[in-house]
Amino acid sequence: MGEHGAVAGGVRLTVDELAARAGVTVRTVRFYGTKGLLPPPELGPRRVGLYGAAHLDRLELIEELQRQGLTLAAIERYLARLPEDSTPLDLAIHRALVASWTPESPEELGRAQLERRAGRGLSEEQVERLAAMGALERTDDPEVFRVDPGLLPLGVRILDVPIPLETLLAARAVVVEHSRATARELQRLFRETVWKPYRESEPAPAELARMKALTDHIQPMVAQALVTAFQRSLREELGEELSAEPAEDLSTELSEQLSAAEPATEPAPEPAEEPGGAVRETAPPGAP
């Protein structure tokens, strides 16, 4: 992460606000900090720890990796492979792409919970933009939304970027179409070149079960490969389209625009409500 321990941009969150934005408990945030997965906060007035956008995105990525079943040790190795200069936007994109491989259930949130998770008030037009990006769906109750935890943080970042709603809808259609095509082709390739020959070799039942278990571990590797390939392709396409401006500079400029779009103030979390429920099983009962 490019700004370890620093409060980047205008985002300044207390540990309670950080936990509310990520949908976890304060205890979980502190546990990740003690394990070295989350960099320490910057000390503000009265020695209150303040967290920035990079902390939030790293925390959300950790949660996504844990939902995939990775252990803390595996998550630590995964994070260690990320470039040191990864921006908050890089982490948000990375998390959204990784999340697409995880069949996680959407969360139903009331408007107040949604705005608390987003860290800002949301107009009807902004809710429509989030829906167009696939970050949420409306329900029969106009005040209740079905939220995709993996896409919501990235969608909130894009809200203040001047992209027409029609463009968002078209972009989503492109992503869905090509993602499904890639998934189908990868499944066909694996089925015909790996799984089918293996079944034809008539393995013992124990070996067959072991092979099925091993295939579950392929998804994180494929996700990592897709993320890397997508980022490289995006840089190449941007470089060809705007040859006068290097893709790295354009990426940095976009990151700065999105950081500047973050709200200057964050709503204080309601002490009575604790989104995210209990700490996950990897956190021992005595975790701080």
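Helix axes are lines fitted to C-alpha atoms over the stretch in contact, and the angles between them run from 0 to 180 degrees between N-to-C directions. Helices (H or I, at least four residues) and strands (E, at least two) are DSSP runs, numbered from the N terminus. The model discussed here is predicted, with local features needing pLDDT of at least 70 and side-chain atom pairs counting only at pLDDT 80 or more, while totals for chains, interfaces and linings use all residues. Residues are numbered from 1 along each chain as its sequence is written, and side-chain values use heavy atoms, with hydrogens and water left out.

The crossing of α3 and α4 is right-handed, meaning that the near helix is turned clockwise from the far one by less than a right angle. On the α3 side, the contact (heavy atoms within 4.5 Å) is made by Arg58, Leu61, Ile62, Leu65 and Gln66, and on the α4 side by Ile75, Tyr78 and Leu79. Sorted by class, this contact of α3 with α4 has six nonpolar residues, one polar and one charged. Here Ala, Val, Leu, Ile, Met, Phe, Trp, Tyr, Cys and Pro count as nonpolar, Asp, Glu, Lys and Arg as charged, and the others, Gly among them, as polar.

Helix α3 also packs with helix α1 (residues 15-22), at an angle of about 45 degrees and with the axes 10 Å apart. This pair, α1 and α3, is therefore oblique, and its crossing is right-handed. From α1, the residues Leu18, Arg21 and Ala22 meet His55, Leu56, Leu59 and Glu60 of α3. The contact of α1 with α3 has four nonpolar, one polar and two charged residues.

Is Arg46 buried or exposed? Arg46 is exposed, with a relative accessible area of 78%, and Arg47 counts as exposed at 65% relative accessibility. Buried means under 20% relative accessible area, exposed over 50%, and partly exposed in between (1.4 Å probe, protein chains only).

Note on methods:
Parallel < 35°, antiparallel > 145°, perpendicular 65-115°, else oblique.
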